[in-house]
Amino acid sequence: MADYDQQGEIIDGGHLDGQRAWCHIMYGLHALSALSGILTSASIAGAFVFGWPSIIAVIINYATRSNVRGTWIETHWRWQLRTFWFAALWLLVAGLLAFTLIGIPAAIVVIVVTGLWVLYRVVRGWLALVDRRALPLPD
């Protein structure tokens, strides 16, 4: 199966097979954290940010990202890191909101929406990786 860049040109991706395997492992670890949030009393977002599988995935991500610089798969590294850090940021916002009685319902909404967003990002990213597609990056 050929790999394509963002302009639709065929690129040689044979040298990325090991990095694709690492990316699958990282998505699997993130999915495991999210699943533990679904199956336990933890929230999805809380389990994603504070769960060991996701923390291990982030460490792997930082340790191996120099290996994928300049390739289409680099978008997956950035996608995963941005998902983790934005989820952490929104949990911080929810924590600050929870300090007031009025903010508790808003904090609950923020936590639930963040959890759904995390699930979306993990599934969308993993499906794109399976299809060997790059993910959109912000400008």
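## Asparagine 61 and its surroundings

Leaving out residues up to four places away in sequence, asparagine 61 touches Met26, Trp77, Gln80 and Leu81. Asparagine 61 belongs to helix 3. Its relative accessibility is 1%, so asparagine 61 counts as buried, the cut-off being under 20%. Between asparagine 61 and leucine 81 there are 7.5 Å in space, C-alpha to C-alpha, and 20 residues in sequence. The model described here is predicted.

## Overall build

The protein has 5 helices and 2 strands. Read from the N terminus, the order is β-β-α-α-α-α-α. Of its 139 residues, 40% are buried.

Residues 24 or more positions apart account for 69% of them.

## Helix 4

Helix 4 covers residues 74–97, which makes 24 residues.

The largest nonpolar core has 14 residues. Cys23, Met26, Tyr27, Ile73, Trp77, Leu129 and Leu135 touch the most other members. Helix 1, helix 3, helix 4 and helix 5 each give this core at least two residues. Helix 1 supplies the largest share, 4 residues. Apart from this core lies another, of 11 residues, including Ala45, Phe48, Phe84 and Ala88. In soluble globular proteins, nonpolar side chains tend to be buried together.

Which residues does tyrosine 27 contact? Leaving aside neighbours within four places in sequence, tyrosine 27 is in contact with His76, Trp79, Gln80, Val122, Gly125, Trp126, Leu129 and Leu135.

## A nonpolar surface patch

Phe86, Leu89, Trp90, Leu92, Leu96 and Phe99 make a nonpolar surface patch of about 660 Å². Tryptophan 90 sits in helix 4. Is tryptophan 90 exposed or partly exposed? Its relative accessibility is 40%, so tryptophan 90 counts as partly exposed.

Leucine 96 is also part of the patch, and it lies in helix 4. At 54% relative accessibility, leucine 96 counts as exposed, because the cut-off is over 50%. Leucine 96 and alanine 107 are 11 residues apart in sequence. In space, their C-alpha atoms are 8.1 Å apart.

## Arginine 132

Where is arginine 132 found? It is in the segment after helix 5. Its relative accessible area is 16%, so arginine 132 is buried.

The backbone deserves a look here too. Most residues other than glycine have a negative phi. Arginine 132 is not a glycine, yet its phi is positive, about 60°.

Notes
Residues numbered from 1 in each chain as written. Predicted model: local features only at pLDDT ≥ 70, side-chain atom pairs only at ≥ 80, totals over all residues. Heavy atoms only, no water. Expected span 1.5 Å × (residues − 1). Buried < 20%, exposed > 50% of the residue type's maximum accessible area, 1.4 Å probe, protein only. Contact = heavy atoms within 4.5 Å. Core = buried A, V, L, I, M, F, W, Y, C linked by side-chain atoms within 4.5 Å. Patch = residues over 30% accessible without salt bridge, like charges linked within 9 Å, V, L, I, M, F, W, Y side chains within 5 Å. Areas by Shrake-Rupley, 256 points an atom, 1.4 Å probe, with all protein chains shown as cover. Salt bridge = Lys/Arg side-chain N within 4 Å of Asp/Glu carboxyl O.
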